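Work through the exercises below with the model open. Each task is followed by a solution in steps.

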Amino acid sequence: MIEIWLNPACSKCRTAVSEVEASGKEYVVRRYLEQPPTVAELEDVLARLGLEPWDIARTGDAKKLGVTLPAKDAEHRHTWLEAMVDQPRLIQRPIITASDGTTVVGRDPDSLARVIDAG
């Protein structure tokens, strides 16, 4: 089973869903703006991605959301996570996880193919 965190208004998310559907793989959608991830879920995704919170943050949207982001360092890491949970629009999309744990930010064809192959 493949899980796709998405915003239905996002063209990259719609492309990801179309590609997964075309593959014939089973999937489930999580509208993360309506059902934001917890800090623990973000930690898990980041560990699988091998990234830090600021690596998957839509920093350009922070100002529009009235969010002041802290420094990109270990001392402020938890603050980043909390900001992303409080304002899920800060999270890059789509985030796709295959049943084997392979996780990608599915914004390009190679990432989509990798997670679909793993699914």
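**Exercise 1.** In this predicted model, find which residue just after α2 takes a positive phi, and give the angle.

*Solution.* Go to the end of helix α2, which spans residues 39-49. Just after the helix comes Gly50, with a positive phi of about 70°.

**Exercise 2.** Determine which residues of α2 are buried, how they are arranged around the helix axis, and what covers them.

*Solution.* 
1. Apply the cut-off: buried means under 20% relative accessible area. In α2, Leu42, Val45, Leu46 and Leu49 are buried.
2. Look down the axis of α2: the buried residues fall within an arc of 100°, so they line one face of the helix. An α-helix has 3.6 residues a turn, so residues three or four places apart point the same way.
3. Turn to the face directed away from the buried side of α2, where the exposed residues Ala40 and Ala47 are found.
4. Identify the cover: the elements over the buried residues of α2 include the strands β1 (2-6), β3 (95-97) and β4 (103-105), together with helix α4 (77-86).

**Exercise 3.** Describe how α2 and α4 cross and which residues meet there.

*Solution.* 
1. The crossing of α2 past α4 is right-handed.
2. List the contact: from α2, Val39, Leu42, Glu43 and Leu46 take part, and they meet Arg77, His78, Leu81, Glu82, Met84 and Val85 of α4.
3. Sort the residues of this contact by type: six are nonpolar, one is polar and three are charged.

**Exercise 4.** Is Ser111 buried or exposed, and what does it touch beyond its sequence neighbours?

*Solution.* 
1. Compare its accessibility with the cut-off: Ser111 has 9% relative accessibility, so it counts as buried.
2. Leave out neighbours within four places in sequence; Ser111 is then in contact with Val104, Val105 and Gly106.

**Exercise 5.** Locate Arg107 and describe its surroundings.

*Solution.* 
1. Arg107 sits in the loop between β4 and α5.
2. Its relative accessible area is 31%, so Arg107 is partly exposed.
3. With neighbours within four places in sequence set aside, the contacts of Arg107 are Cys10, Lys12, Arg58, Gln92, Arg93 and Pro94.
4. For a distance check, take Ile96: Arg107 and Ile96 are eleven residues apart in sequence and 9.9 Å apart, C-alpha to C-alpha.

Conventions
Residues are numbered from 1 along each chain as its sequence is written. This is a predicted model: local features need pLDDT of at least 70, side-chain atom pairs count only at pLDDT 80 or more; totals for chains, interfaces and linings use all residues. Side-chain values use heavy atoms; hydrogens and water are left out. Buried means under 20% relative accessible area, exposed over 50%, partly exposed in between (1.4 Å probe, protein chains only). Helices (H or I, at least four residues) and strands (E, at least two) are DSSP runs, numbered from the N terminus. The arc is that of the directions from the helix axis to the C-beta atoms. Contact means heavy atoms within 4.5 Å. Axes are lines fitted to C-alpha atoms, for helices over the stretch in contact, and angles run from 0 to 180 degrees between N-to-C directions. A crossing is left-handed if the near helix is turned anticlockwise from the far one by less than a right angle, and right-handed if clockwise. Ala, Val, Leu, Ile, Met, Phe, Trp, Tyr, Cys and Pro count as nonpolar, Asp, Glu, Lys and Arg as charged, and the others, Gly among them, as polar.
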